[in-house]
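Please read it alongside the sequence and the structure shown here.

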Amino acid sequence: MGIVAGLDSSSEFTRIVVCDTDTGAVVRQGYAPHPLDSAGGKPSDVDPQAWLLSLGDAATGGLLEGVQAIGVSAQQNALVALDAQGNTVRPAQVGGDKRAQVAAADLIDGFGGRHAWAEAVGCVPQAQHPVTKLRWLARTEPENAQRVATVMQAHDWLVWQLLGRPARRTADRGGASGTGYWSAATSSYRPDLVELALGHQAALPEVLGPAEAAGTTPEGLLISAGTGETMAAAFGLGIGVGDAVVSLGASGSVMAVHHEALVDPSGMITSLADATGMHLPVVHTLNAVRALRGTADLLSTDLEGLSELALKSTPGAHGLVLLPYLEGEKTPHLPHTAGSLHGLRRESMKPEHLARAAFEGMLCSLADALGVLRARGVEVRRVFLLGAAAELPAVQAAAPMLFGAQVVVPQPADYAALGAARQAAWALGVRQGTLHPSAPPAWQGAATQVFEPGEDLAVGQALRQQYTAVREQTHPGAFGPGGV
């Protein structure tokens, strides 16, 4: 019996949960926002000290009193470049920094193309990847680039700060797998890719195993390895083999737990590692809820109103099929295309049918992404739906039959912080001899709503076939010879 803490330093705030080590029950929690820039938006450059200040604000009032271990989750893809003295060379580069898009294209060409990158490290460089930000730094701020001696990510840096900036710097395999210079397939760094991007070598953190501790603070507080937000949220949800997670943001993502890294020459699959020793292959789409919002704006309503309209229609939307590629698309790789609406007839030209087509188009596009994983042997029995749009009745009605699986909608909670706390409890249990390095603490899973495809499964299969036919007619061979 004891308590541990998990902190999640996202792009906008720090959340801390203090949990019972045995059950995972939350006993205390804290929150503090991160500072915004003068325009009120999220800056692309952030002083990492702001993360520490936010952490301190979130932990006020004795929140961490009695805590025995802390786990750290943080925003992914934040590049923290340090000089030889351990000081930041420049503010951290965070998020999907569009300044780095040209640098990503340079790296892809400089290493032999998308296939070469996918085979080397399981991902193709994009603007958000740390390896791409290193190239941007070398090309745009060469004097700063020359001063870079060590490269870290946000959770690496926070763990290092909590430990008092020791000589040893650490990371975890989950966070490392998203850098563009560490391979989940080989569990090793590619220093040559760091040099290709930065122009010279730099020190990289030691990658720890899932249950290893990064160290102990002078006060005796155990700090676990830490991980990225995606991996921490998956661990907090308690997903395992047979589970997939579909995240409904403006864009979408589909990830699943798998026993091995998936090397995908097409680049559609990003091969990440998880926080347990398994793997998290991820497929991204550029369009998810943005397709719903665009349709809602067209019909002068909001998402809730769009859902109500859609439920007045019937499956198939009277023949309307929306290909929701409003921003181009990543899966399939159609960067310069646009969305399209098919099957217009006089009887289908009603608001409720367009609303239904928007939901079905978005979910069919995500089912395509899910199909990319299934085609590579990934088992999917349950699909966890995350994001505010998962609460919409039209999503809950259509998703099970279109995904062909049980759909689970978890109760809103701080899953990344919970995953970080669970990791802390694991490292603490291993240190105390009460847990094995291969068996994390069996905390109670998330409270959920469960939706079954039931008798609608055949209807869903027919709708998927209709959508696929329209997609293939409009974009022949978009998914390659085998399709999805």
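How do the residues of the lining of the second largest pocket divide into nonpolar, polar and charged? They comprise 15 nonpolar, ten polar and three charged residues. The model is a predicted one.

**Second largest pocket**

- The space in the second largest pocket is about 480 Å³.
- Its lining is made up of 28 residues, and those closest to the pocket centre are L418, Q444, G445, A446 and A447.
- Two helices, α9 (229-237) and α14 (415-432), each contribute at least two residues to this lining.
- The strands β3 (26-33), β22 (380-386), β23 (406-410) and β24 (448-451) likewise each provide at least two lining residues.

**R28 in strand β3**

- R28 belongs to β3, a strand that supplies at least two residues of the lining of the second largest pocket.
- R28 is partly exposed because its relative accessibility is 30%, which falls between the 20% limit for buried and the 50% limit for exposed.
- Along the chain, R28 and G62 are 34 residues apart, and their C-alpha atoms are separated by 10.0 Å.

- Strand β6 spans residues 79-82, and both of its faces are covered.
- On one side of β6 lie L79 and A81, on the other V80 and L82, and all four are buried.
- In a regular strand, side chains alternate between the two faces of the sheet.
- β6 runs antiparallel to strand β8 (residues 150-153), and four bridges join the two.
- Within β8, V151 is the bridge partner of A81, a residue that is buried in β6.

**S183 in strand β10**

- S183 sits in strand β10, which covers residues 182-183.
- With a relative accessible area of 2%, S183 is buried, because the cut-off for buried is under 20%.
- The S183 side chain reaches the backbone nitrogen of T186 at a distance of 3.2 Å.

Conventions
Residues numbered from 1 in each chain as written. Predicted model: local features only at pLDDT ≥ 70, side-chain atom pairs only at ≥ 80, totals over all residues. Heavy atoms only, no water. 1 Å grid on protein atoms, 1.4 Å probe; cavity = no way out; pocket = protein on both sides within 12 Å on 5 of 7 lines; lining within 4 Å. Points joined across faces, edges and corners; volume = space filled by probe spheres on them. Nonpolar A, V, L, I, M, F, W, Y, C, P; charged D, E, K, R; others polar. Buried < 20%, exposed > 50% of the residue type's maximum accessible area, 1.4 Å probe, protein only. Pairing = 2+ DSSP bridges. Polar contact = N/O pair within 3.5 Å; in protein donor to acceptor, adjacent residues only side chain to side chain.
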